[in-house]
Amino acid sequence: MNVAAILKGKGRAVATARPETLLQAIVEKLTAKRIGAIVIVGANGAVGGIISERDIIRAVAERGAASLQQPVSEFMTRQVVICSEADTLDQLMATMTAGRFRHIPVVEDGALVGIVSIGDVVKHHIAEVEMEASALRTYLLAG
Ligand code: AMP
């Protein structure tokens, strides 16, 4: 199972915003879309950062509610770890575990083509494990 197969199932839509977007608008978008992170893109569409609910919790804890009136660029993570469509489920799980984050944008030839969350990873991992168990049961019963 690779990233291309995951995107085939979930689609390629990615919630994005520009760096100058106020944090308040980011909070509203996260809530409306029921998601945990938004990819921040520059004028050319290139990935410039990522903001997740964790960043917003930290911003409010450290700088108070006034941070909601600041641009998201103040609080986003700038060094974004990305993946490509050829990457495997196992690679994504290892990257998320090592980096302690739950979202990975998918980039091909510099263009944002999707995003994979830990929810997608867990869902496909469970499906893979169930398929393996079913194949093993069939094999044992045939013997
Ligand atoms: P998350 O677990 O996705 O809510 O993110 C936890 C922290 O990691 C936050 O500070 C995010 O900005 C950051 N983060 C999320 N995804 C990535 C990523 N793909 N690359 C680098 N940092 C990330």
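User: Which loop holds R100?
Analyst: Welcome! This is a predicted model, where local features need pLDDT of at least 70, side-chain atom pairs count only at pLDDT 80 or more, and totals for chains, interfaces and linings use all residues. Residues are numbered from 1 along each chain as its sequence is written, and side-chain values use heavy atoms, leaving out hydrogens and water. Helices (H or I, at least four residues) and strands (E, at least two) are DSSP runs numbered from the N terminus, and R100 lies in the loop between α4 and β4 (103-108).

User: What is the phi of R100?
Analyst: Most residues other than glycine have a negative phi. R100 is not a glycine, yet its phi is positive, at about 55 degrees.

User: Is R100 buried or exposed?
Analyst: Buried means under 20% relative accessible area, exposed over 50%, and partly exposed in between (1.4 Å probe, protein chains only). R100 has a relative accessible area of 73%, so R100 is exposed.

User: Where is R34, with its phi near 55 degrees?
Analyst: R34 is a residue other than glycine with a positive phi. Its relative accessibility is 78%, so R34 counts as exposed. You can find R34 in the loop between α2 and β2.

User: How do α4 and α5 lie to each other?
Analyst: Axes are lines fitted to C-alpha atoms, for helices over the stretch in contact, and angles run from 0 to 180 degrees between N-to-C directions. Helix α4 (residues 89-99) and helix α5 (residues 118-142) cross at roughly 135 degrees, their axes coming within 10 Å. Angles under 35 degrees count as roughly parallel, over 145 as roughly antiparallel, 65 to 115 as roughly perpendicular and the rest as oblique. The two helices, α4 and α5, are therefore oblique.

User: Which residues in α5 meet α4?
Analyst: Contact here means heavy atoms within 4.5 Å. From α4 come L89, L92, M93 and M96. In α5 they meet I118, V121, H124, H125 and E128.

User: How far apart are the axes of helix α2 and helix α3?
Analyst: In α2, L23, I26, V27 and L30 meet E53, I56 and A59 of α3. The two helices, α2 and α3, are oblique to each other. Helix α2 (residues 23-33) packs against helix α3 (residues 53-63) at an angle of about 140 degrees, with an axis separation of 11 Å.

User: Which residue in β2 does T16 stand opposite?
Analyst: β1 and β2 run parallel and are joined by 2 bridges. Within β2, the residue opposite T16 is V39.

User: Which residue takes a positive phi in the hairpin of β2 and β3?
Analyst: Strand β2 (residues 37-41) and strand β3 (residues 47-52) run antiparallel, with 5 bridges joining them. I38 stands opposite I51 in β3. The hairpin has 5 residues between its strands, and the residue with a positive phi, near 85 degrees, is G45.

Definitions and conventions: Two strands pair if DSSP finds at least two bridges between them.
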